[in-house]
Amino acid sequence: MSKRTLVIGASENPARYSNKAIHALRRNEHEVIALAKRKGLVDDVAIETAFPEKEEIHTVTLYVGPQHQPEYYTNIIDLNPQRVIFNPGTENPEFAEKLEANGIEAEEACTLVLLSIGAY
């Protein structure tokens with residue numbers, strides 16, 4: 001089952017984990033919406049600079065550090081995804097608590113690992 005995923009912190013740089021995640025998500029036939037400070041293209045996914053509104057998002061996967069996450073708190077909570085994945089280095093107990101308080105699962109995990117073991 002395809003899980004529409006919002007990748008925050010997307011990068012065109014193939015060495016970045018967000019880039020690897022977009023490729024892996026697409027290989028696993030998940031629809032991807034990519035968000036970053038700069039527009040670009042990864043695989044067949046356009047990187048947008050404006051936060052998507054009124055989208056049905058199953059999972060948000062974070063590739064921005066905790067110091068850059070507060071600007072996204074309200075937008076992510078308003079999207080009401082089923083879960084938010086905090087990839088290694090993005091862990092943020094304050095935001096995780098806000099998500100859980102709004103009925104959104106906060107998961108500290110690696111998107112690439114979840115996909116590789118079939119647990120996504």
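Which residue forms a salt bridge with R4, and how far apart are the closest N and O atoms? The legends below begin with that pair. This is a predicted model, in which local features need pLDDT of at least 70, side-chain atom pairs count only at pLDDT 80 or more, and totals for chains, interfaces and linings use all residues. Residues are numbered from 1 along each chain as its sequence is written, and side-chain values use heavy atoms, with hydrogens and water left out.

**View 1**
The partner is E31: its salt bridge with R4 has its closest N and O atoms 2.8 Å apart. (A salt bridge is a side-chain nitrogen of Lys or Arg within 4 Å of a carboxyl oxygen of Asp or Glu.) This pair links distant parts of the chain, with R4 in the segment before β1 (5-8) and E31 in the loop between α1 (17-27) and β2 (32-35), 27 residues apart. The names of these elements come from DSSP runs, numbered from the N terminus: helices are H or I runs of at least four residues, and strands are E runs of at least two. R4 also meets the side chain of E55 in a salt bridge, at 2.6 Å from N to O. R4 is partly exposed at a relative accessible area of 22%, E31 is partly exposed at 37%, and E55 is partly exposed at 28%. (Buried means under 20% relative accessible area, exposed means over 50%, and partly exposed lies in between, using a 1.4 Å probe and protein chains only.)

**View 2. D44 and R26 make another salt bridge.**
The closest N and O atoms of D44 and R26 are 2.9 Å apart. D44 lies in the loop between β3 (40-42) and β4 and R26 in helix α1, so the pair ties together parts that are 18 residues apart in sequence. R26 is partly exposed, with a relative accessible area of 26%. Shared partners join R4, E31 and E55 into one network of salt bridges. The structure holds six salt bridges.

**View 3. Strand β6 has neighbours on both sides.**
Look at β6 (residues 83-86), where R83 and I85 on one face and V84 and F86 on the other are all buried. In a regular strand the side chains alternate between the two faces of the sheet. Strand β5 (residues 59-62) runs parallel to β6 and is joined to it by four bridges. (Two strands pair if DSSP finds at least two bridges between them.) V60 stands opposite V84 in β6. With α3, strands β6 and β7 make a right-handed β-α-β unit.

**View 4. Nonpolar cores gather residues from several elements.**
The largest nonpolar core has 20 residues, and L6, I8 and I76 have the most contacts inside it. (A nonpolar core is a set of buried Ala, Val, Leu, Ile, Met, Phe, Trp, Tyr and Cys residues joined through side-chain atoms within 4.5 Å.) Two or more residues each come from β1, β2, β5, α2, β6 and α3, and α2 gives the most, with four. Leaving aside neighbours within four places in sequence, I8 is in contact with residues including L35, F51, V60 and I76. (Contact means heavy atoms within 4.5 Å.) A second, separate core of 18 residues includes V7, L25, A36 and A109.

**View 5. S11 sits in the loop between β1 and α1.**
At 16% relative accessibility, S11 counts as buried. The S11 side chain reaches the backbone nitrogen of N13 at 3.0 Å. Not counting residues up to four places away in sequence, S11 touches R16, S18, N19, V42 and I47.

**View 6. P93 belongs to helix α3 (residues 93-101).**
P93 is exposed, with a relative accessible area of 61%. P66 is 27 residues from P93 in sequence, and their C-alpha atoms are 9.1 Å apart in space.

Technical notes. A crossover is right-handed if, with the strands pointing away from the viewer, the path from the first strand over the helix to the second runs clockwise. A polar contact is a pair of N or O atoms within 3.5 Å; within protein, one must be able to donate a hydrogen and the other to accept it, and residues adjacent in sequence count only if both atoms are side-chain atoms.
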